[in-house]
Amino acid sequence: EPRKPKIDVLQKFEKKGVEFIVKDPDSFIGKKIFISGGGDSALDWAIYFAERNKSSVGLVHRSESFRAHKDSVEKVGKLQKEGKIDFYTNAEVIDLMGDETLSMIEIKQKDQPNVKIKLDTWLPLFGLSPKLGPIAKWGLEIEKNAIKVDHTLDYQSNIPGIFAIGDVNTYPGKLKLILCGFHEATLAVQTAYKIINPDK
């Protein structure tokens with residue numbers, strides 16, 4: 001599930017100006033957009049819309065350092081100099097306003113007065129939070145909302161035949177990287193194949 005900011009009126013504007021995922025990028029073209037976040041997703045979408053929209057795109061980040069790729073950070077800086085991105089660092093969106101749909105956000109900045117900005121869409125892109133749902137009741141060994149696995153062999157859980165790969169698993173030295181997920185998947189599939197086809 002998307003990580004949602006703690007703003008009292010957030011739910012009122014969900015799907016009415018506040019979006020957590022970009023499903024149809026074309027539906028945002030021509031709109032005044034503000035994006036919050038400092039990771040790859042936030043910067044990638046800020047670049048995408050800044051290069052396509054006639055009006056500038058806003059980017060709000062609570063720090064001056066980013067978790068995104070260096071080239072994306074440099075590109076955002078270039079687009080800011082060209083006037084295509086309004087950039088607010090050491091800042092966060094603290095309030096949302098509008099009647100039926102979102103029409104304005106309030107940004108709190110460090111050592112600066114708060115700013116209210118008119119817009120059509122706000123995209124808070126703070127990443128995803130894994131939710132186990134019904135899997136949590138399967139009897140799997142869980143640690144901090146993640147499934148413990150045997151990383152020395154094949155990423156199998158404490159229940160034989162149940163594997164967990166990617167962000168949903170945990171083990172000593174775990175890195176939440178796509179590359180690691182592919183590695184985990186490869187080893188898990190090898191053992192799963194042997195279980196399914198014991199004669200091969």
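Strand β4 (residues 91–97) and strand β5 (residues 104–109) pair in the antiparallel sense over six bridges. Two strands count as paired if DSSP finds at least two bridges between them. Helices (H or I, at least four residues) and strands (E, at least two) are DSSP runs, numbered from the N terminus. The model is predicted: local features need pLDDT of at least 70, side-chain atom pairs count only at pLDDT 80 or more, and totals for chains, interfaces and linings use all residues. Residues are numbered from 1 along each chain as its sequence is written, and side-chain values use heavy atoms, with hydrogens and water left out.

**The β4–β5 hairpin**

- Ala-91 has Gln-109 of β5 as its bridge partner.
- Six residues lie between the strands of this hairpin, where Gly-98 takes a positive phi near 155°.

- Most residues other than glycine have a negative phi.
- Asn-90, in the loop between β3 (85–88) and β4, has a positive phi near 50°.
- Asn-90 is partly exposed, with a relative accessible area of 22%; buried means under 20% relative accessible area, exposed over 50%, and partly exposed in between (1.4 Å probe, protein chains only).
- Tyr-155 is not a glycine either, and its phi is positive at about 65°.
- The loop between β9 (146–148) and β10 holds Tyr-155, which counts as buried at 4% relative accessibility.

**Helix α4**

- Helix α4 (residues 178–196) has 19 residues and reaches 26 Å from its first C-alpha to its last, close to the 27 Å expected at 1.5 Å a residue; the expected span is 1.5 Å times one less than the number of residues.
- Its buried residues are Cys-180, Gly-181, Glu-184, Ala-188 and Thr-191.
- Seen down the axis of α4, these buried residues fall within an arc of 105°, so they line one face of the helix; the arc is that of the directions from the helix axis to the C-beta atoms.
- The face turned away from the buried side of α4 carries exposed residues, namely Ile-178, Leu-179, Phe-182, Val-189, Lys-194 and Ile-196.
- Strand β10 (169–170) is included in what covers the buried residues of α4.

**Helix α2**

- Helix α2 (residues 40–52) has 13 residues, and its first and last C-alpha span 18 Å, close to the 18 Å expected at 1.5 Å a residue.
- In α2 the buried residues are Ala-42, Leu-43, Ala-46, Ile-47, Phe-49 and Ala-50.
- Their cover includes β1, β2 (57–60), α3 (70–81), β3 and β7 (121–124).

**Ile-147 in β9**

- Ile-147 belongs to strand β9 and is buried, with a relative accessible area of 5%.
- Its C-alpha atom is separated by 5.8 Å from that of Thr-170, 23 residues apart along the chain.
- Leaving aside neighbours within four places in sequence, the residues in contact with Ile-147 include Leu-132, Ile-135, Ser-157, Val-168 and Thr-170; contact means heavy atoms within 4.5 Å.

**Glu-19**

- Glu-19 lies in the loop between α1 (10–13) and β1 (33–36).
- Glu-19 is buried yet has no salt bridge, and the nearest side chain of opposite charge, Lys-15, is 4.2 Å away.
- A salt bridge is a side-chain nitrogen of Lys or Arg within 4 Å of a carboxyl oxygen of Asp or Glu; for charge, Lys and Arg count as positive and Asp and Glu as negative, while His and the chain ends are not counted.
- Apart from neighbours within four places in sequence, Glu-19 is in contact with Phe-28, Thr-121, Trp-122, Leu-123 and Pro-124.
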